[in-house]
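These are my notes from one sitting with a structure. I looked things up one at a time and wrote down what came out.

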Amino acid sequence: MFKNVFGSGFLIRTAHVTLTWVITLILFLHDTDLRKQEERGELKQPVLFVLLVLVSVLLYFAVSLMDPGFVVSDSDAKFTLGVSEEEQEMIPNTSKAIRLRRCGYCLLQQPMRAKHCQNCKHCVRRYDHHCPWIENCVGERNHRWFVLYLGVQLLALLWAFNLAWSGISYASTWDLWLRQNGFLLAVASLVGVFSLVAVLLLGSHLYLVSLNTTTWEFMSHHRISYLKHCGADENPFDQGTLRNLWSFFCTCRIVAWEQVYFRESTERV
């Protein structure tokens, strides 16, 4: 279920964790609200902040090392549709009859919404994208955890930005001000940029989840075999915002997307 922590992406994971704890240490060592509360013996917020950072790091490792939904055998595709490759040949060749296809790289049958990732060397169920920061694909098994990680990470970043800003002090000259606040300014700038990225990522993923579509499907709608016959605003997997969100966050099983696809197509007819 999980990758080797010392495998591909080890340097990126090490850099992420190191940067996270260096920033946390700087916030404790400088004259921020965090440091003042610690000196007064008010440990509630400092402990909560450290716990939030720790949870964000643990979620980062979980998403980074988790199996995103690799397709490892033809039985994975047969399970979702319920038919074999030979039985697929009996399906009439119509615009609505989408046959399972074999991947040109790993030579396995792809379930609907799966895509081969050149970086991971596997087909991934309900492929969303390959994230270079976690050095892993975001797919059916880890997508909800990726969104949860973005939410927790955003909270930690916004709190860190507020703490860094609280430690910036007045000085009589610009030179003295920069020397006093250089580290906190660097932290605030870095955290501000990461916060903006996290906001954009979280917002875009929540929007796509509410439509029951993926980044790959959204960007390549016109090239995907089971979507290119649909209109620009037509999504055969969309079951309404509330049902889409419930299915995404609360369904912990492999979804047979072929069944959803053909059921929705039949209902539209």
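Which ring does the charged end of lysine 115 sit over? I looked at this contact before anything else. The charged end lies over the ring of tyrosine 127, 5.1 Å from the centre of that ring. I note at the start that the model is predicted.

**Entry: overall figures**

I took the totals for the chain next. The protein chain has ten helices and seven strands. Of its 269 residues, 45% count as buried. I then looked at contacts with a separation of 6 or more, and 64% of these join residues 24 or more positions apart. The accessible surface comes to about 14,700 Å², and carbon and sulfur atoms hold 65% of that.

**Entry: aromatic pairs**

I counted the aromatic pairs and got nine. I wrote out two of them.

The ring centres of tyrosine 60 and tyrosine 149 are 5.9 Å apart and the planes stand at 50°, so I logged this pair as tilted. Tyrosine 60 belongs to helix H3 (residues 44-65) and tyrosine 149 to helix H6 (residues 143-166), so the pair ties together parts that are 89 residues apart in sequence. Both tyrosine 60 and tyrosine 149 came out as buried.

**Entry: arginine 113**

I gave this residue its own entry. Where does arginine 113 lie? It is in the loop between E3 and E4. Is it buried or exposed? Its relative accessibility is 1%, so arginine 113 counts as buried.

I looked at its side chain from two sides. Arginine 113 lies over the face of phenylalanine 237, at 4.1 Å from the ring centre. Its side chain also meets that of glutamate 217 in a salt bridge, with an N to O distance of 2.6 Å. Arginine 113 lies between strand E3 (109-110) and strand E4 (115-117) and glutamate 217 lies in helix H8, so the bridge ties together parts that are 104 residues apart in sequence. Glutamate 217 is buried, as arginine 113 is.

I then read the backbone. Arginine 113 has a positive phi of about 80°, although it is not a glycine.

**Entry: asparagine 212**

Phi of asparagine 212 is near 55°, which is positive in a residue other than glycine. I placed asparagine 212 in the loop between helix H7 (174-211) and H8. At 5% relative accessibility, asparagine 212 counts as buried.

**Entry: salt bridges**

How many salt bridges does a search of the whole structure find? I got five. Side chains of opposite charge can pair when their charged atoms come close. The bridge between arginine 113 and glutamate 217 is noted above, and I wrote out two others.

Glutamate 39 bridges to arginine 35, with the closest N and O atoms 3.0 Å apart. Both lie in helix H2 (residues 33-39), four residues apart, which is about one turn of the helix. Glutamate 39 counts as exposed at 55% relative accessibility, and arginine 35 as partly exposed at 27%.

Glutamate 42 bridges to arginine 40, and here the closest N and O atoms are 3.2 Å apart. I read glutamate 42 as partly exposed, at 41% relative accessible area, and arginine 40 as exposed, at 52%.

**Entry: nonpolar surface patch**

Trp21, Leu43, Val47, Leu48, Leu51, Leu54 and Leu58 make a nonpolar patch of about 610 Å². H3 gives the largest share of this patch, five residues. Tryptophan 21 belongs to helix H1 (residues 10-29). Its relative accessibility is 32%, so I logged tryptophan 21 as partly exposed.

How values were computed
Residues numbered from 1 in each chain as written. Predicted model: local features only at pLDDT ≥ 70, side-chain atom pairs only at ≥ 80, totals over all residues. Heavy atoms only, no water. Phe/Tyr/Trp six-rings, centres within 6.5 Å; stacked < 30°, edge-to-face > 60°. Helix = DSSP H or I, 4+ residues; strand = E, 2+ residues; numbered from the N terminus. Buried < 20%, exposed > 50% of the residue type's maximum accessible area, 1.4 Å probe, protein only. Lys NZ or Arg CZ within 6 Å of the ring centre and 35° of its normal. Patch = residues over 30% accessible without salt bridge, like charges linked within 9 Å, V, L, I, M, F, W, Y side chains within 5 Å. Areas by Shrake-Rupley, 256 points an atom, 1.4 Å probe, with all protein chains shown as cover. Salt bridge = Lys/Arg side-chain N within 4 Å of Asp/Glu carboxyl O. Contact = heavy atoms within 4.5 Å.
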